[in-house]
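This briefing is meant to be read alongside the sequence and the coordinates.

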Amino acid sequence: MELSIDTASVQLDRSTFLRIVGEPGTVLTCLQGCLWITRDGSPMDIELPAGQQHVVADGVRVLVCAFAPSLVQVQRPGRSARPRLTRPAASSALARMAA
């Protein structure tokens, strides 16, 4: 299956992986757990703990593997994640500003 999306959060179980063929500037963020990132053609792998980001420099295939149950956010370049608002008053004020 192939998906084309701007931003997605994907839950990975231990030892499962996600294959990403991104474009330069794709941002991978570890929201929970710990990830291992392998890039095609690169001898260097990257360990990405929770709260850290990695920016894909080119459009090579990237494999993201979970050391433990983990949550990864994948964000294509030039897009921003929609802010998560916790108070209805703030949400209403921002909606009026955006209109």
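From the N terminus on, the elements of the chain follow the order β-β-β-β-β-β-β-β-α, which amounts to one helix and eight strands. The model is a predicted one, and the values below are computed from it.

**Chain as a whole**

- Of the contacts in the chain with a separation of 6 or more, 73% are accounted for by residues 24 or more positions apart.
- Buried residues make up 25% of the 99 residues in the chain.
- The chain exposes about 6,800 Å², of which carbon and sulfur atoms supply 54%.

**Sheet with the order 2-7-4-5**

- Four strands form an open sheet in the order 2-7-4-5, and their pairing is antiparallel.
- Strand 2 (17-21) and strand 5 (46-49) stand at the edges of this sheet, and because each has a single partner strand, one side of each is left without a neighbour in the sheet.
- From one strand to the next, the twist in this sheet averages 25°.
- Strand 4 pairs with strand 5 in the antiparallel sense over four bridges, and Ile-37 stands opposite Ile-46 in strand 5.

**Sheet with the order 1-8-3-6**

- Another open sheet of four strands has the order 1-8-3-6, again with antiparallel pairing.
- Here the edges are taken by strand 1 (7-12) and strand 6 (53-55), each of which has a single partner strand, so one side of each is left without a neighbour in the sheet.
- Strand 3 (residues 27-32) and strand 6 run antiparallel and are joined by three bridges, and the bridge partner of Thr-29 in strand 6 is Gln-53.

**Aromatic pair**

- The structure holds one aromatic pair, formed by Trp-36 and Phe-67 in an edge-to-face arrangement, with 5.6 Å centre to centre and 65° between the planes.
- This pair links distant parts of the chain, 31 residues apart, since Trp-36 belongs to strand 4 (residues 34-39) whereas Phe-67 lies in the loop between strand 7 (61-66) and strand 8 (70-75).
- Trp-36 counts as partly exposed because its relative accessibility is 30%, and Phe-67, at 42% relative accessibility, likewise counts as partly exposed.

Note on methods: Residues numbered from 1 in each chain as written. Predicted model: local features only at pLDDT ≥ 70, side-chain atom pairs only at ≥ 80, totals over all residues. Heavy atoms only, no water. Phe/Tyr/Trp six-rings, centres within 6.5 Å; stacked < 30°, edge-to-face > 60°. Helix = DSSP H or I, 4+ residues; strand = E, 2+ residues; numbered from the N terminus. Buried < 20%, exposed > 50% of the residue type's maximum accessible area, 1.4 Å probe, protein only. Pairing = 2+ DSSP bridges. Axes fitted to C-alpha atoms, helices over the stretch in contact; angles between N-to-C directions. Contact = heavy atoms within 4.5 Å. Areas by Shrake-Rupley, 256 points an atom, 1.4 Å probe, with all protein chains shown as cover.
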